[in-house]
Amino acid sequence: METVVTPEIRKMVGQSSQPRHAVDIVSESDIRRWVIATMDDSPFWYNDEVIGASRFAAGSAPGPFPMRAVGHWKRRLGTSDPVRALDFDDDFRYGDESLDDPAIKINWPDGVGAFHAGNEVEYFQFARVGDRISVVETLVEIEEKQGRSGPLAVVHVDSVFTNQDGDVLIINHGTNIARRMPGHASGAK
Amino acid sequence: MPEFYEDVAVGDALPEVVQKLTIPVMQRWVASSETLRRDHYDAKFAIEHDGLPNAVMSGSFSQAYIWQLLFNWAGLNGWVLKAAQKNARMVHPGTTITFSGTVTGKYEADGLGYVELEIGLRGDDGAVAVPGSATIVLPLRGGRQVPYPFTVGQGSDARAAR
(Lines give C-alpha, C1' and ligand atoms only; values in the text may rest on other atoms or scores of the structure.)
Protein backbone atom coordinates (compact mmCIF):
# COMPACT_ATOMS: atom_id res chain seq x y z
CA MET A 1 0.00 0.00 0.00
CA GLU A 2 1.31 3.43 -0.91
CA THR A 3 1.91 5.55 2.17
CA VAL A 4 3.16 8.95 3.28
CA VAL A 5 4.48 7.49 6.55
CA THR A 6 8.16 6.61 6.49
CA PRO A 7 9.64 3.98 8.85
CA GLU A 8 11.34 6.82 10.78
CA ILE A 9 7.99 8.52 11.33
CA ARG A 10 6.32 5.26 12.34
CA LYS A 11 8.98 4.73 15.03
CA MET A 12 8.02 8.02 16.65
CA VAL A 13 4.64 6.72 17.83
CA GLY A 14 4.59 6.65 21.63
CA GLN A 15 7.24 9.34 22.02
CA SER A 16 6.62 12.35 24.25
CA SER A 17 8.07 15.82 24.30
CA GLN A 18 9.91 17.39 27.15
CA PRO A 19 7.67 19.75 29.14
CA ARG A 20 7.33 23.12 27.45
CA HIS A 21 6.72 25.95 29.88
CA ALA A 22 4.71 29.10 29.30
CA VAL A 23 6.77 32.25 28.82
CA ASP A 24 4.71 34.14 31.42
CA ILE A 25 2.73 33.30 34.50
CA VAL A 26 -1.02 33.83 34.07
CA SER A 27 -2.00 37.45 34.70
CA GLU A 28 -5.25 39.35 35.18
CA SER A 29 -4.44 41.27 32.01
CA ASP A 30 -4.18 38.04 29.98
CA ILE A 31 -7.62 36.96 31.20
CA ARG A 32 -9.21 40.37 30.65
CA ARG A 33 -7.98 40.54 27.05
CA TRP A 34 -9.12 36.95 26.37
CA VAL A 35 -12.62 37.58 27.76
CA ILE A 36 -12.98 40.79 25.72
CA ALA A 37 -11.73 39.07 22.55
CA THR A 38 -14.29 36.27 22.91
CA MET A 39 -17.08 38.81 23.60
CA ASP A 40 -17.99 37.11 26.84
CA ASP A 41 -20.36 39.25 28.92
CA SER A 42 -20.55 36.92 31.92
CA PRO A 43 -20.05 38.71 35.26
CA PHE A 44 -18.15 35.63 36.39
CA TRP A 45 -15.00 37.21 34.94
CA TYR A 46 -15.23 40.53 36.80
CA ASN A 47 -17.89 40.61 39.55
CA ASP A 48 -16.51 39.58 42.95
CA GLU A 49 -19.99 38.76 44.33
CA VAL A 50 -20.75 36.39 41.46
CA ILE A 51 -17.33 34.74 41.73
CA GLY A 52 -17.62 34.51 45.52
CA ALA A 53 -21.01 32.82 45.30
CA SER A 54 -19.63 30.16 42.94
CA ARG A 55 -17.47 27.15 43.77
CA PHE A 56 -14.65 28.58 41.65
CA ALA A 57 -11.78 30.74 42.82
CA ALA A 58 -11.12 34.33 41.85
CA GLY A 59 -8.59 34.76 39.07
CA SER A 60 -9.79 31.78 37.05
CA ALA A 61 -8.94 31.80 33.33
CA PRO A 62 -11.31 30.55 30.61
CA GLY A 63 -11.14 26.80 29.93
CA PRO A 64 -9.06 26.69 26.73
CA PHE A 65 -6.63 29.36 28.01
CA PRO A 66 -3.72 26.92 28.70
CA MET A 67 -3.58 25.92 25.02
CA ARG A 68 -2.69 29.47 23.99
CA ALA A 69 -0.44 30.15 26.99
CA VAL A 70 2.27 27.69 25.97
CA GLY A 71 2.17 28.34 22.23
CA HIS A 72 5.33 28.56 20.15
CA TRP A 73 4.26 32.04 19.11
CA LYS A 74 4.84 33.41 22.62
CA ARG A 75 8.30 34.84 22.23
CA ARG A 76 10.56 35.06 25.25
CA LEU A 77 12.36 38.37 25.76
CA GLY A 78 16.01 38.13 24.79
CA THR A 79 15.33 35.76 21.86
CA SER A 80 15.68 36.74 18.21
CA ASP A 81 12.72 38.58 16.70
CA PRO A 82 11.43 36.96 13.49
CA VAL A 83 9.03 39.82 12.78
CA ARG A 84 11.81 42.41 12.52
CA ALA A 85 13.38 40.52 9.61
CA LEU A 86 10.19 40.14 7.59
CA ASP A 87 9.80 41.73 4.20
CA PHE A 88 6.47 43.31 3.25
CA ASP A 89 4.97 40.18 1.76
CA ASP A 90 6.71 37.50 3.83
CA ASP A 91 4.65 34.87 5.56
CA PHE A 92 4.72 34.69 9.33
CA ARG A 93 3.31 31.82 11.32
CA TYR A 94 5.25 30.93 14.46
CA GLY A 95 7.45 32.89 16.77
CA ASP A 96 10.02 30.33 17.75
CA GLU A 97 10.31 27.01 15.93
CA SER A 98 13.31 26.11 18.08
CA LEU A 99 10.70 25.16 20.67
CA ASP A 100 9.69 22.20 18.49
CA ASP A 101 10.75 19.04 20.31
CA PRO A 102 12.40 16.56 17.89
CA ALA A 103 10.78 13.69 19.82
CA ILE A 104 7.41 14.58 18.33
CA LYS A 105 8.25 16.95 15.44
CA ILE A 106 7.44 14.98 12.30
CA ASN A 107 9.49 15.68 9.19
CA TRP A 108 7.17 14.64 6.37
CA PRO A 109 8.63 13.55 3.02
CA ASP A 110 8.95 16.15 0.25
CA GLY A 111 5.58 17.04 -1.21
CA VAL A 112 3.61 15.99 1.87
CA GLY A 113 1.87 18.64 3.93
CA ALA A 114 0.07 18.40 7.26
CA PHE A 115 -2.86 20.43 8.56
CA HIS A 116 -4.89 20.62 11.74
CA ALA A 117 -8.17 18.72 11.38
CA GLY A 118 -9.80 19.05 14.76
CA ASN A 119 -9.54 18.36 18.43
CA GLU A 120 -11.35 17.18 21.51
CA VAL A 121 -10.55 18.83 24.82
CA GLU A 122 -11.24 17.48 28.28
CA TYR A 123 -11.47 20.16 30.96
CA PHE A 124 -10.61 19.46 34.58
CA GLN A 125 -9.93 22.81 36.19
CA PHE A 126 -9.19 26.43 35.37
CA ALA A 127 -5.73 27.91 35.20
CA ARG A 128 -5.49 30.79 37.65
CA VAL A 129 -3.68 34.07 38.00
CA GLY A 130 -0.12 33.28 39.09
CA ASP A 131 -0.02 29.82 37.53
CA ARG A 132 2.95 28.70 35.43
CA ILE A 133 1.45 26.43 32.77
CA SER A 134 3.35 23.59 31.07
CA VAL A 135 2.51 21.06 28.39
CA VAL A 136 3.76 17.59 27.46
CA GLU A 137 2.78 16.29 24.03
CA THR A 138 2.65 12.61 23.07
CA LEU A 139 2.39 11.16 19.57
CA VAL A 140 -0.29 8.60 20.36
CA GLU A 141 -1.12 7.02 17.02
CA ILE A 142 -0.72 7.34 13.26
CA GLU A 143 -3.48 5.85 11.09
CA GLU A 144 -2.57 5.20 7.47
CA LYS A 145 -5.48 5.50 5.06
CA GLN A 146 -6.27 5.84 1.38
CA GLY A 147 -8.08 9.06 0.58
CA ARG A 148 -9.71 10.15 -2.67
CA SER A 149 -6.52 11.92 -3.73
CA GLY A 150 -4.12 9.23 -2.52
CA PRO A 151 -2.56 8.05 0.73
CA LEU A 152 -2.92 10.06 3.88
CA ALA A 153 -1.99 9.80 7.53
CA VAL A 154 -4.19 10.71 10.48
CA VAL A 155 -1.96 11.74 13.35
CA HIS A 156 -3.26 11.74 16.93
CA VAL A 157 -1.40 13.86 19.47
CA ASP A 158 -2.37 14.17 23.13
CA SER A 159 -1.31 17.31 24.98
CA VAL A 160 -1.51 17.39 28.77
CA PHE A 161 -1.50 20.86 30.30
CA THR A 162 -0.56 21.23 33.95
CA ASN A 163 0.08 23.99 36.46
CA GLN A 164 3.21 24.45 38.57
CA ASP A 165 1.93 21.88 41.09
CA GLY A 166 1.46 19.20 38.44
CA ASP A 167 -2.35 19.44 38.53
CA VAL A 168 -3.87 18.55 35.17
CA LEU A 169 -5.83 21.51 33.82
CA ILE A 170 -6.92 20.19 30.44
CA ILE A 171 -6.06 17.41 27.99
CA ASN A 172 -6.25 18.09 24.28
CA HIS A 173 -6.67 15.17 21.88
CA GLY A 174 -5.57 16.76 18.61
CA THR A 175 -5.87 15.33 15.11
CA ASN A 176 -3.71 16.32 12.16
CA ILE A 177 -3.92 15.02 8.62
CA ALA A 178 -0.89 14.66 6.34
CA ARG A 179 -1.23 14.03 2.63
CA ARG A 180 0.53 14.68 -0.61
CA MET A 181 -0.10 18.24 -1.70
CA PRO A 182 -1.31 19.01 -5.23
CA GLY A 183 1.51 19.69 -7.67
CA HIS A 184 4.03 17.54 -5.82
CA ALA A 185 4.79 14.14 -7.30
CA SER A 186 7.43 13.04 -4.82
CA GLY A 187 6.77 11.38 -1.50
CA ALA A 188 7.30 8.27 0.55
CA LYS A 189 6.29 4.93 -0.88
CA MET B 1 -29.87 27.98 31.14
CA PRO B 2 -30.69 24.75 33.01
CA GLU B 3 -30.25 24.74 36.78
CA PHE B 4 -30.43 20.98 37.17
CA TYR B 5 -30.01 17.89 34.99
CA GLU B 6 -33.74 17.27 35.16
CA ASP B 7 -34.37 20.62 33.44
CA VAL B 8 -32.83 19.27 30.21
CA ALA B 9 -34.53 17.02 27.65
CA VAL B 10 -33.14 15.31 24.57
CA GLY B 11 -33.92 17.50 21.58
CA ASP B 12 -33.70 20.77 23.53
CA ALA B 13 -32.04 23.54 21.54
CA LEU B 14 -29.54 25.90 23.11
CA PRO B 15 -30.23 29.60 22.54
CA GLU B 16 -28.58 30.61 19.27
CA VAL B 17 -25.90 33.30 19.44
CA VAL B 18 -25.33 35.44 16.36
CA GLN B 19 -22.18 37.45 15.75
CA LYS B 20 -20.77 39.35 12.77
CA LEU B 21 -17.25 38.17 12.03
CA THR B 22 -15.26 41.27 11.13
CA ILE B 23 -11.55 41.95 10.75
CA PRO B 24 -11.53 43.86 14.11
CA VAL B 25 -13.03 40.80 15.84
CA MET B 26 -10.35 38.61 14.27
CA GLN B 27 -7.53 41.07 14.97
CA ARG B 28 -8.50 41.41 18.61
CA TRP B 29 -8.32 37.64 19.01
CA VAL B 30 -4.89 37.24 17.44
CA ALA B 31 -3.59 40.16 19.49
CA SER B 32 -4.99 38.70 22.70
CA SER B 33 -3.69 35.19 22.07
CA GLU B 34 -0.57 36.22 20.11
CA THR B 35 -1.50 33.79 17.35
CA LEU B 36 -0.04 36.00 14.67
CA ARG B 37 -0.54 33.94 11.52
CA ARG B 38 -1.08 36.59 8.85
CA ASP B 39 -3.97 34.84 7.13
CA HIS B 40 -5.99 35.22 10.35
CA TYR B 41 -6.05 39.02 10.24
CA ASP B 42 -4.48 40.30 7.01
CA ALA B 43 -6.99 39.99 4.16
CA LYS B 44 -4.62 41.41 1.52
CA PHE B 45 -1.96 38.87 2.46
CA ALA B 46 -4.45 35.99 2.55
CA ILE B 47 -5.68 36.83 -0.93
CA GLU B 48 -2.46 37.80 -2.66
CA HIS B 49 0.02 35.48 -0.93
CA ASP B 50 -2.03 32.44 0.10
CA GLY B 51 -4.53 32.57 -2.77
CA LEU B 52 -7.46 32.46 -0.37
CA PRO B 53 -10.76 34.29 -0.95
CA ASN B 54 -10.18 36.40 2.17
CA ALA B 55 -8.67 36.24 5.67
CA VAL B 56 -9.69 33.12 7.62
CA MET B 57 -11.20 32.78 11.10
CA SER B 58 -8.71 31.15 13.45
CA GLY B 59 -9.66 27.70 14.74
CA SER B 60 -8.48 28.76 18.18
CA PHE B 61 -10.97 31.65 18.10
CA SER B 62 -13.90 29.36 17.34
CA GLN B 63 -12.73 27.01 20.08
CA ALA B 64 -12.54 29.79 22.68
CA TYR B 65 -15.84 31.30 21.53
CA ILE B 66 -17.69 27.97 21.59
CA TRP B 67 -16.29 27.12 25.02
CA GLN B 68 -17.55 30.35 26.58
CA LEU B 69 -21.03 29.83 25.11
CA LEU B 70 -21.11 26.32 26.56
CA PHE B 71 -19.78 27.51 29.93
CA ASN B 72 -22.41 30.22 30.15
CA TRP B 73 -25.17 27.73 29.25
CA ALA B 74 -23.92 25.21 31.82
CA GLY B 75 -24.04 27.88 34.53
CA LEU B 76 -21.83 28.17 37.58
CA ASN B 77 -23.21 24.96 39.10
CA GLY B 78 -22.30 22.96 35.98
CA TRP B 79 -19.07 22.12 34.19
CA VAL B 80 -18.02 21.81 30.57
CA LEU B 81 -16.30 18.45 30.70
CA LYS B 82 -15.53 17.98 27.03
CA ALA B 83 -15.78 19.92 23.81
CA ALA B 84 -14.73 18.70 20.37
CA GLN B 85 -14.70 20.54 17.08
CA LYS B 86 -13.71 20.07 13.47
CA ASN B 87 -12.60 22.95 11.33
CA ALA B 88 -14.55 21.69 8.34
CA ARG B 89 -14.85 24.87 6.29
CA MET B 90 -13.08 28.22 6.20
CA VAL B 91 -14.98 31.18 7.62
CA HIS B 92 -14.17 34.62 6.27
CA PRO B 93 -14.77 38.17 7.53
CA GLY B 94 -18.13 39.48 6.38
CA THR B 95 -19.80 36.28 7.53
CA THR B 96 -22.46 36.31 10.21
CA ILE B 97 -21.69 33.29 12.37
CA THR B 98 -24.40 31.55 14.36
CA PHE B 99 -23.66 29.25 17.26
CA SER B 100 -26.21 26.51 17.85
CA GLY B 101 -26.50 23.39 19.92
CA THR B 102 -28.92 20.53 20.51
CA VAL B 103 -29.14 18.04 23.34
CA THR B 104 -28.55 14.61 21.82
CA GLY B 105 -28.36 12.48 24.94
CA LYS B 106 -28.31 12.45 28.72
CA TYR B 107 -27.44 9.99 31.43
CA GLU B 108 -26.81 9.80 35.14
CA ALA B 109 -23.64 8.38 36.61
CA ASP B 110 -22.13 8.53 40.07
CA GLY B 111 -24.79 10.92 41.34
CA LEU B 112 -24.29 13.45 38.53
CA GLY B 113 -26.09 14.30 35.30
CA TYR B 114 -24.24 14.18 31.98
CA VAL B 115 -25.68 16.04 28.99
CA GLU B 116 -24.40 15.34 25.49
CA LEU B 117 -24.70 18.02 22.84
CA GLU B 118 -24.22 18.45 19.13
CA ILE B 119 -22.86 21.93 18.56
CA GLY B 120 -21.72 24.02 15.64
CA LEU B 121 -20.94 27.35 14.08
CA ARG B 122 -22.66 28.00 10.78
CA GLY B 123 -22.23 30.79 8.28
CA ASP B 124 -24.68 32.87 6.24
CA ASP B 125 -25.33 30.02 3.82
CA GLY B 126 -26.58 27.81 6.65
CA ALA B 127 -23.79 25.27 6.24
CA VAL B 128 -22.04 24.24 9.45
CA ALA B 129 -18.42 25.35 9.16
CA VAL B 130 -17.33 24.14 12.60
CA PRO B 131 -19.26 21.04 13.69
CA GLY B 132 -18.65 19.62 17.12
CA SER B 133 -19.91 17.90 20.21
CA ALA B 134 -19.75 18.54 23.93
CA THR B 135 -20.47 16.95 27.29
CA ILE B 136 -21.70 19.06 30.17
CA VAL B 137 -22.09 17.90 33.76
CA LEU B 138 -25.03 19.22 35.81
CA PRO B 139 -26.13 18.53 39.37
CA LEU B 140 -29.18 16.35 39.95
CA ARG B 141 -32.05 18.08 41.72
CA GLY B 142 -31.47 17.35 45.40
CA GLY B 143 -28.16 15.70 44.54
CA ARG B 144 -24.54 16.51 45.23
CA GLN B 145 -22.54 19.41 43.85
CA VAL B 146 -20.63 18.87 40.64
CA PRO B 147 -17.07 18.30 41.88
CA TYR B 148 -14.40 20.87 41.19
CA PRO B 149 -11.76 20.25 40.11
CA PHE B 150 -12.81 17.29 38.04
CA THR B 151 -10.14 14.60 38.29
CA VAL B 152 -8.59 12.90 35.29
CA GLY B 153 -10.64 9.87 34.29
CA GLN B 154 -13.74 10.96 36.19
CA GLY B 155 -15.64 11.82 33.04
CA SER B 156 -14.30 8.85 31.11
CA ASP B 157 -15.28 6.53 33.93
CA ALA B 158 -18.81 7.92 33.85
CA ARG B 159 -19.08 7.38 30.10
CA ALA B 160 -17.76 3.83 30.44
CA ALA B 161 -20.30 3.10 33.16
CA ARG B 162 -23.26 3.88 30.92
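## Strand pairing and interface of chains A and B

In β3(A), A:Ser134 is the bridge partner of A:His21. The model is predicted: local features need pLDDT of at least 70, side-chain atom pairs count only at pLDDT 80 or more, and totals for chains, interfaces and linings use all residues. Residues are numbered from 1 along each chain as its sequence is written, chains are lettered from A in the order in which they are written, and side-chain values use heavy atoms, with hydrogens and water left out.

β1(A) pairs with strand β3 (residues 134-147) of chain A in the antiparallel sense over 2 bridges. Strands are DSSP runs of E of at least two residues and helices are runs of H or I of at least four, numbered from the N terminus; two strands pair if DSSP finds at least two bridges between them. Both chains contribute to an open sheet of 10 strands with antiparallel pairing, in the order β1(A)-β3(A)-β4(A)-β5(A)-β2(A)-β2(B)-β5(B)-β4(B)-β3(B)-β1(B). β1 (20-21) of chain A and β1 (17-21) of chain B stand at the edges, each with a single partner strand, so one side of each has no neighbour in the sheet.

The chains join in this sheet through β2(A) and strand β2 (residues 79-86) of chain B, which pair in the antiparallel sense over 5 bridges. Here A:Glu122 stands opposite B:Lys82. The side chain of B:Lys82 also meets that of A:Glu120 in a salt bridge (3.9 Å, N to O); the rule asks for a side-chain nitrogen of Lys or Arg within 4 Å of a carboxyl oxygen of Asp or Glu.

In contact (heavy atoms within 4.5 Å) are 42 residues of chain A and 48 residues of chain B. The area buried between them is about 4,000 Å², of which carbon and sulfur atoms give 55%; buried area is the accessible area (1.4 Å probe) that two parts lose on being put together, summed over both.

Helix α3 (residues 59-74) of chain B lies across several strands, including β2 of chain A, and runs at about 145° to β2(B). Axes are lines fitted to C-alpha atoms, for helices over the stretch in contact, with angles from 0 to 180 degrees between N-to-C directions.

| Residue | Phi | Loop |
|---|---|---|
| B:Asp110 | about 55° | between β3 and β4 of chain B |

A cis peptide bond, with omega about -5°, joins B:Tyr148 and B:Pro149.
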